[in-house]
Amino acid sequence: MSDVLTYSDLESWSRESPSLAVLGHPIGHSLSPVMHNAALAALAGDDARWADWRYFRFDILPEDLPRALSLLHAKRFRGVNLTVPHKVLAFDQVAEVDDDARPVGAVNTLLWTPGGWRGFNTDGYGLSAALRASLGLDLSGLAVLLLGAGGAARGAAIECLQRGCASLDIVNRSRTNLEALIEHLRPLAGTIPIHARPAAASAVKGALVINATSAGLRENDAVPIDLASLSQTIGIYDMIYNPPRTALLRQAESLGLPHANGLSMLVHQGAKSLEIWTGVPAARTAPIMQAAAEAAAGRP
Ligand code: NDP
């Protein structure tokens with residue numbers, strides 16, 4: 001059986017021990033199996049309950065997602081993670097959605113229940129925990145400059161609002177997508193000021209900059225914003241972790257600004273998923289997952 005499994009592997013699945021899975025398309029690049037299996041192996045060293053738990057990866061096409069989720073439930077997988085392009089698609093296919101995931105409109109973690117899958121979104125937790133762990137920052141009371149208006153930006157924006165940021169400024173390449181995101185956020189913002197900003201956001205001062213665009217995924221991508229055009233920036237968090245040092249992070253380094261890549265977010269959302277499935281606190285498994293992910297991805 002190959003490391004990357006397919007829908008037909010699922011059809012013939014006969015493993016009876018507790019199984020977990022990540023579904024995506026493509027999925028070969030995912031670090032989740034390495035992180036989760038390292039954490040499960042470490043837990044099994046102290047407690048035999050976890051000895052037979054394993055985490056698998058499946059390459060599933062978007063059109064196969066409904067029947068894949070039904071089969072995974074019938075085969076009694078304990079839990080499922082979803083990555084690109086399934087997070088939004090799965091939202092409408094689960095039996096129940098956790099309150100924290102509802103405003104995001106996307107789920108990345110499913111828990112087996114007798115009545116069907118219960119959907120959660122641990123990306124927001126992952127971002128908050130990553131900012132604390134890698135930059136020593138708490139979103140509460142912070143001015144945030146968010147780059148991007150796609151799915152990751154929406155999740156990040158909602159986390160910033162739910163954690164009580166002081167203000168939220170958003171920059172995006174396409175004006176239409178930016179305005180749609182701002183419209184979505186308005187009812188959730190309460191008294192927190194939110195603004196759409198032009199790309200040269202010179203009026204933004206003292207902010208934490210979060211990159212939730214895909215600019216930087218390719219080695220030659222330009223920076224999504226010129227950090228030199230901002231003032232008193234307190235830190236840069238780039239949600240991209242592969243490559244580990246984007247042009248934005250290189251510029252942050254050259255300006256002497258605190259910065260971190262998105263590996264810590266991946267780790268903390270993963271540790272929270274494992275907590276949902278096993279009850280083991282995320283704080284216990286996050287360091288194990290971090291070490292496994294760094295070994296697999298190469299340190300920033
Ligand atoms: P989407 O496709 O939903 O959104 C992409 C966003 O990036 C849009 O705002 C788009 O702008 C913008 N964008 C794309 N190319 C460029 C460019 N060349 N210059 C400026 N802006 C650009 O993707 P996601 O929201 O799902 O993911 C965004 C990033 O976040 C990815 O890099 C992904 O790897 C990362 N991510 C990291 C996670 C982690 O755990 N660390 C978790 C989830 C995501 P426009 O609206 O104009 O098209």
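Q: Why is Arg175 called partly exposed?
A: In this predicted model, Arg175 has a relative accessible area of 46%; buried means under 20% and exposed over 50%, with partly exposed in between (1.4 Å probe, protein chains only), so Arg175 is partly exposed. Glu179, at 40%, is partly exposed as well.

Q: What makes Glu179 and Arg175 a salt bridge?
A: The term requires a side-chain nitrogen of Lys or Arg within 4 Å of a carboxyl oxygen of Asp or Glu, and the N to O distance between the side chains of Glu179 and Arg175 is 2.9 Å, so the pair is a salt bridge. Both residues belong to helix α7 (residues 175-189), and because they are four residues apart there, about one helical turn separates them. Helices (H or I, at least four residues) are DSSP runs, numbered from the N terminus. Elsewhere, salt bridges with shared partners join Glu96, Asp98 and Arg118 into one network, and a search of the whole structure finds 14 salt bridges.

Q: Why is Asp99 called exposed?
A: The relative accessible area of Asp99 is 56%, and the label asks for a value over 50%, so Asp99 is exposed. Its salt-bridge partner Arg102, 3.0 Å away from N to O, is partly exposed at 44%.

Q: What makes Thr278 buried, and which residues is Thr278 in contact with?
A: Thr278, in helix α9 (residues 263-278), has a relative accessible area of 14%, so the label buried applies. Leaving aside neighbours within four places in sequence, Thr278 is in contact (heavy atoms within 4.5 Å) with Trp50 and Trp53. A polar atom of the Thr278 side chain also lies 2.7 Å from the backbone oxygen of Leu274.

Q: How are the residues numbered, and which atoms and pLDDT values count?
A: Residues are numbered from 1 along each chain as its sequence is written, and side-chain values use heavy atoms, leaving out hydrogens and water. As the model is predicted, local features need pLDDT of at least 70 and side-chain atom pairs count only at pLDDT 80 or more, while totals for chains, interfaces and linings use all residues.

Definitions and conventions: Helices (H or I, at least four residues) and strands (E, at least two) are DSSP runs, numbered from the N terminus. A polar contact is a pair of N or O atoms within 3.5 Å; within protein, one must be able to donate a hydrogen and the other to accept it, and residues adjacent in sequence count only if both atoms are side-chain atoms.
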